[in-house]
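Student: I have a model open and want to learn how to read its features. Can we go through some of them together?

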Amino acid sequence: MKKILLERYGEPHEVARCVDVPDVGAPGAGEVVFDVLAFPINPADLWFCRGHYRLKPPLPATPGAECVGRIAAVGLGVQAVAPGDLVINLQRENWAQRRRVREADVVRVPQGLPLQQAAMLRINPPTALLMITDLVALEPGQWLLQNVANSAVGRWVIRLARARDLKTLNVVRRESLFDELRTLGADACLVDGPDLAQRAQQAVGGAAIRLALDAVAGQATARLADCVADGGVVCSYGSMTGEDPVMPRGALIYRGVRLEGFMLGRFLERRSRDEVERIYADLAGYLLRGELQAPVAQVYPIEEIGEALRHAQRGERGGKILVAPNGPVA
Ligand SMILES: NC(=O)c1ccc[n+]([C@@H]2O[C@H](COP(=O)([O-])OP(=O)(O)OC[C@H]3O[C@@H](n4cnc5c(N)ncnc54)[C@H](OP(=O)(O)O)[C@@H]3O)[C@@H](O)[C@H]2O)c1
């Protein structure tokens, strides 16, 4: 079988190689084996390849924070899944044709899910959901603000906020995205820039913005902090610039604005297995009903991992880059 190996950390398209390795073997008691049908290349995977992610395992290492797979075989005592079931894997190292993991590592998802979308279900949708629900108790009609609004996370934020009657002010890098985001449910859109706070106030008609979600960092964090109301929260959950967030001390000290961090794992850990399964079932419902489709720019075979990684690093992509290790998927 094939899998992606890093023998050194560096530029993703230079260090990630597709290699032949022995098969994962038959599942032991309590284990399952699944074929990986598709995985996305997320920003965190790129940081992982560069050796700049919070996890930096000894080499050689296999990246891959998420995927969708189909169960091929189950070991003794496995009850939650059966051969043929579609699953997402809660563990890493998914850039491979096959995986052998513990039964508890996989979550079964509905059979009818579009596979490309299912490959992106594990991380970005619950990230959007829990940032909306867990950080600030927002009431229907209230505004939240976010940058990278056209990212996969950003699109889920728009959709999930709309479903809760929350209003979204969406900051992006180019005006040409506005129509698309409005169609998705965005209430207002702005291009990031120096006078963001003034334009944001006009866009929300002077209403209080109590939550801002930041995945750009650097000075972009400071611009969001200037937009939120006194006592509001700026949540740092990513850094597309690779910089640390800059927080104006006036916002912190005089206006009581709080800077909080979000990491999906920390927020899922607070929940029981049943609650986690319910979250994924609810989010899968959006995909089944066709209420949100994260755009996909291109799907590559696993042998073309280098080209896929190059493509994933281009700005202004038309959507996610996916890899289908066992043949094309829809
Ligand atoms: N903390 C967590 O638990 C968690 C979980 C999931 C994701 N995340 C983070 O969420 C963010 C979005 O992830 P995703 O998978 O949704 O992303 P994605 O779909 O791959 O989209 C990337 C986005 O980043 C924007 N971007 C790229 N470089 C930028 C820069 N230098 N300045 C400003 N914007 C830039 C892109 O804008 P253009 O279209 O203009 O290029 C695009 O909107 C990432 O930072 C990721 O690490 C965090």
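Student: Is the crossing of α7 and α8 left-handed or right-handed?

Tutor: Keep in mind that this is a predicted model. A crossing is right-handed if the near helix is turned clockwise from the far one by less than a right angle. Here, α7 and α8 cross in the right-handed sense.

Student: Which residues of α7 and α8 make the contact?

Tutor: From α7 come L196, A197, A200 and Q201. From α8 come R223, L224, D226 and C227. Sorted by class, the contact has 5 nonpolar, 1 polar and 2 charged residues.

Student: At what angle do α7 and α8 pack?

Tutor: Helix α7 covers residues 196-203, and helix α8 covers residues 219-227. They pack at an angle of about 40°, with their axes 8 Å apart. That angle makes α7 oblique to α8.

Student: And at what angle do α5 and α11 pack?

Tutor: Angles of 65 to 115 degrees count as roughly perpendicular. Helix α11 spans residues 273-288, and α5 packs with it at about 100°, their axes 13 Å apart. So α5 is roughly perpendicular to α11.

Student: Which residues make the contact of α5 and α11?

Tutor: On α5, look for W156, R159, L160 and A163. On α11, look for L283, Y286 and L287. This contact of α5 with α11 has 6 nonpolar residues, no polar ones and 1 charged.

Student: How many residues of α12 are buried?

Tutor: Buried means under 20% relative accessible area. Helix α12, residues 305-312, has 6 of its 8 residues buried, so by that cut-off the helix is mostly covered. The buried ones are I305, G306, A308, L309, H311 and A312.

Student: Now the backbone. Which residues does a cis peptide bond join?

Tutor: Check omega. For the bond between L59 and P60, omega is about 0°, and the bond is cis. P60 sits in the loop between α2 (43-50) and β4 (68-74).

Student: What is phi of V148?

Tutor: Phi of V148 is near 40°. That is a positive value in a residue other than glycine. You will find V148 in the loop between β8 (143-146) and α5 (152-163).

Student: Is V148 buried or exposed?

Tutor: V148 is buried, with a relative accessible area of 16%.

Student: Where does A217 lie?

Tutor: A217 lies in the loop between β11 (209-214) and α8. Its phi is positive, near 70°, and A217 is not glycine. With a relative accessible area of 2%, A217 is buried.

Conventions. Residues are numbered from 1 along each chain as its sequence is written. This is a predicted model: local features need pLDDT of at least 70, side-chain atom pairs count only at pLDDT 80 or more; totals for chains, interfaces and linings use all residues. Side-chain values use heavy atoms; hydrogens and water are left out. Axes are lines fitted to C-alpha atoms, for helices over the stretch in contact, and angles run from 0 to 180 degrees between N-to-C directions. Helices (H or I, at least four residues) and strands (E, at least two) are DSSP runs, numbered from the N terminus. Angles under 35 degrees count as roughly parallel, over 145 as roughly antiparallel, 65 to 115 as roughly perpendicular and the rest as oblique. Contact means heavy atoms within 4.5 Å. Ala, Val, Leu, Ile, Met, Phe, Trp, Tyr, Cys and Pro count as nonpolar, Asp, Glu, Lys and Arg as charged, and the others, Gly among them, as polar. Buried means under 20% relative accessible area, exposed over 50%, partly exposed in between (1.4 Å probe, protein chains only).
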